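Welcome, and thanks for taking a look at this one.

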Amino acid sequence: MTAILGLNAYHGDAAAALVVDGELVAAAEEERFNRVKHVAGFPSLAAGWCLADAGLKPDQLDHVAIGRDPRANVGAKVRRTLRHRPSISYIRERLSNQARVGDVGDAVADALGVDRGSLRAKFHSVEHHRAHAASAFFPSPFEDAAILSVDGFGDFASTMLAVGRGTKLEVLDRVLFPHSLGIFYTAVTQWLGFPHYGDEGKVMGLAPYGEPVYADKVRELVRVKADLFELELEYFTHHTRGVEMTWADGSPTIGRIFSQRMEDLLGPTRQPDEPITPHHENVARSLQEVLEETYLHLVHSLWKRTGIPRIALAGGVALNAVANGRIIPETPFTDVYIQPAAGDSGTAVGAALDVWHETAGSTRGFVMTSADWGPQYDDESCAGAFAAAGVAATRLDDDELFPLVARKIADGEVIGWFQGRMEFGPRALGQRSIVADPRRDDMKDILNARIKHREPFRPFAPSVLADQVGAWFEQDYPSPFMVLVYKTREEKRELIPAVNHVDDTGRVQSVEPDVLPRYWRLISEFDKLTGVPILLNTSFNENEPIVMTPAHAIETFQKTRMDMLVLGNYVARRYVA
Ligand SMILES: [Fe+2]
């Protein structure tokens, strides 16, 4: 047996993953355990859980792989430092980060509660974007594929073009600091008054409300250059001041990375408490337009350089589901794979699989068809959690449970649906979800008022029986991880107003019976009652990280105004006095 612990550490969305003999067996984000959104630092709790879940002792680990390598691209780093004398605080920040990456052996031993000397594992550093690329290709169903990783920065690079063939991953090209599509999107997101780590998804939701009238202006910020792209640096500050990313023990925050020139170009920055005007909507739309152009340019470059009609993508920018939805219709690629943890947490899986194939793996057999790699809880744990919280719950057999819950959804109730293993990656996909009726005009407002308290412009996503996707949307390529946005068919739009966004699209999750049997059955029961094979699916949380344990779910049930909570086969109802 070969056991490899993969880590995303000292970076946003810290996570751990365990790969045994080339198969992923467990993976989870640290934020779900310590309840701090996007937490950076070291994923101690997630790493400890991965081993416990697999029944492995720390001394059974053969390798530890971290998805960071301070030595990667070092020549370019040194050349840049010599040319541009960065500030002392920037150098200090980089050095302390490198030291943390170097101390990973001690951190692993601490996390697993053993002496450093008792670990026999070999430690490996995998360049950040190589880990992203490996996370995209190795778990894909493709024997060979073009690979694209696009993000902010990791190990001095922002973008990697690569090709995967069998067990080999070859890097074709990189875009190095200071040029970055992730930084471009984050900078305009900040200008739009969304300062938090991970707010880029909000801007993607806002964009369809505007028109791309400023696309030419936004094109001044980023331009394509040969196969790649370049930023117009005078609009940014990250290259002079560094990206001031601080996390202490909390959520990561990024300091302002755009310059006064951005305000000269687009107008004054919106403050987070100021209203969103049509001007802001138009800037968001223009930003999204230019992002899509540049992203599709990179996709085309990969086609030219590989000639392989299959593409695997990762990196934070690969979570831009609108851009992803354009790949198949508008490029020569006929197949797309994006695993569910396409953001930085997925580098834990990528680093582990890269080390597996570099050290031992002679064949590839593992395909990631589901996101269910996190903790799960049995009947007894669910019943115990209800009892501990003093919440009355009833156990129903499946034949009673599914029709009842489907009926309640059709009656307009909002249901907390907690089943099996927690999802790995940012999306809830029917294991830790809140589900509701997509047919109701008022359901978005109900969810926002009673549970989610989100910005009203953000869309809710549809979970669709896989064989029905084509009947409701204009594309039907499988989208099991909700990373592709499709146009809703014209004749169906008014039937599902709660999941049809303002531009008549939906971020589709296609649900297969063999991958998510319980979620598939719930949607099927709803379909039998209503003729609509779709549920509205939003993550099971209010504002905190997605719930992990039954206790977290009960707490969120109690503090929000959900109508019903289902934990496995246990059902609790809200009793309104
Ligand atoms: Fe990344």
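Helices here are DSSP runs of H or I with at least four residues, strands are runs of E with at least two, and both are numbered from the N terminus. Just after α12 comes G307, with a positive phi of about 65°.

Before going on, please note that this is a predicted model, where local features need pLDDT of at least 70, side-chain atom pairs count only at pLDDT 80 or more, and totals for chains, interfaces and linings use all residues. Residues are numbered from 1 along each chain as its sequence is written, and side-chain values use heavy atoms, leaving out hydrogens and water.

## Two crossing helices

Helix α6 (residues 128–137) packs against helix α15 (residues 347–359) at an angle of about 85°, their axes 7 Å apart. This makes α6 roughly perpendicular to α15, a label for angles of 65 to 115 degrees. Axes are lines fitted to C-alpha atoms, for helices over the stretch in contact, and angles run from 0 to 180 degrees between N-to-C directions.

On the α6 side, H128, R130, A131, H132, A134 and S135 meet T347, G350, A351, D354 and E358 of α15; contact means heavy atoms within 4.5 Å. By class, this contact has three nonpolar, five polar and three charged residues. Ala, Val, Leu, Ile, Met, Phe, Trp, Tyr, Cys and Pro count as nonpolar, Asp, Glu, Lys and Arg as charged, and the others, Gly among them, as polar.

## Backbone details in two loops

Most residues other than glycine have a negative phi, and most peptide bonds are trans. D155, in the loop between β6 (144–154) and β7 (157–165), has a positive phi near 50°.

The peptide bond from F177 to P178 is cis, with omega near 5°. P178 sits in the loop between β8 (168–176) and α7 (181–191).

A cavity is a set of points on a 1 Å grid over the protein atoms alone where a 1.4 Å probe fits but cannot get out; lining residues have an atom within 4 Å of a point. The largest cavity is lined by 13 residues, with T369, P480, F481, V515 and L516 nearest its centre. Its lining divides into seven nonpolar, four polar and two charged residues.

Conventions
1 Å grid on protein atoms, 1.4 Å probe; cavity = no way out; pocket = protein on both sides within 12 Å on 5 of 7 lines; lining within 4 Å. Parallel < 35°, antiparallel > 145°, perpendicular 65-115°, else oblique.
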